[in-house]
Amino acid sequence: FSIDGIFLDFRSFQIHFQELSRFYDGDELPPPVDVWTFRDYVTASATAGARAAAQRDLAWWRSRLDSFSQPPRLPLRAAPESIAAPRMRRLELRLDRREWAQIVSRLDALGVTPAVFMLTVYADVLSLWSEVPSFAVNVPIFNRPRLHADIDRVIGNFSSFVLIDFDYSVACGFVERLLGVRARLAAAMAHASTSGVSVLRELYR
């Protein structure tokens with residue numbers, strides 16, 4: 001069988017297949033604390049308090065839209081509409097456990113998470129190819145607020161995204177860029193009750 005990723009986020013896929021595997025193994029699943037569904041989450045997110053928080057966060061994003069950058073302008077080998085049969089190729093580089101442990105140790109000393117590190121490296125690579133030095137990047141987030149005791153067993157699409165701005169017009173060291181990304185990501189996450197889609201609508205009005 002197949003499952004459409006449109007209506008399930010990554011964590012929900014994990015929940016689904018963990019419970020399905022236990023079911024096939026003959027295990028009994030613990031009963032839910034209460035019958036609570038993704039519909040209940042959507043309803044709870046539409047309460048007056050949630051709407052007020054979303055409006056406050058939307059005001060925060062609006063105050064920054066005038067200075068927000070556009071997407072990175074990347075070179076194309078051919079016009080997309082001229083490609084009759086697109087082919088995808090995945091390139092990867094693997095670090096061994098020792099190398100990754102060394103990186104994580106350095107990040108811990110700086111108070112930086114691996115996620116911030118990977119986002120910074122990703123933006124650094126984009127900057128090498130982008131025709132403009134300043135650009136914004138969509139950063140996926142998994143927003144599963146603690147609205148119910150059984151929230152970790154609810155299946156649905158809790159994912160959203162926030163926009164993070166990057167400016168490579170002024171040179172600075174990698175550690176400085178890391179700390180800047182950490183600060184901007186934390187600020188964006190603190191105002192994430194407004195979805196990234198809503199922010200994009202405001203940006204392109």
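Trp129 is exposed, with a relative accessible area of 58% (buried means under 20% relative accessible area, exposed over 50%, and partly exposed in between, with a 1.4 Å probe and protein chains only). The model is a predicted one, in which local features need pLDDT of at least 70 and side-chain atom pairs count only at pLDDT 80 or more, while totals for chains, interfaces and linings use all residues. Residues are numbered from 1 along each chain as its sequence is written, and side-chain values use heavy atoms, with hydrogens and water left out.

Trp129 is found in helix α5 (helices are DSSP runs of H or I with at least four residues, strands are runs of E with at least two, and both are numbered from the N terminus). Together with Leu74, Val121, Val125 and Leu128, Trp129 forms a nonpolar surface patch with about 510 Å² of accessible area. Patches consist of residues with over 30% relative accessible area and no salt bridge, where like charges are joined within 9 Å and nonpolar side chains (Val, Leu, Ile, Met, Phe, Trp, Tyr) within 5 Å. Accessible areas come from the Shrake-Rupley method with a 1.4 Å probe, and for residues only the protein chains shown count as cover.

Helix α5 spans residues 114-129 and also contains Thr120. Thr120 counts as buried, at 1% relative accessibility. When neighbours within four places in sequence are left aside, Thr120 is in contact with Tyr168, Phe174, Arg177, Leu178 and Val181 (contact means heavy atoms within 4.5 Å).

Six salt bridges are present in the structure, a salt bridge being a side-chain nitrogen of Lys or Arg within 4 Å of a carboxyl oxygen of Asp or Glu. One of them links the side chains of Glu202 and Arg62, with an N to O distance of 3.0 Å. Because Glu202 belongs to helix α7 (residues 196-203) and Arg62 to helix α3 (residues 48-65), this pair ties together parts that are 140 residues apart in sequence. Glu202 is buried, with a relative accessible area of 16%, whereas Arg62 is partly exposed at 41%.

The side chain of Glu202 also meets that of Arg205 in a salt bridge, at 3.5 Å from N to O. Arg205 is exposed, its relative accessible area being 76%. Through salt bridges that share partners, Arg62, Glu202 and Arg205 are joined into one network.

A further salt bridge is formed by the side chains of Arg94 and Glu92, at 3.0 Å from N to O. Both residues of the Arg94 and Glu92 pair are exposed.
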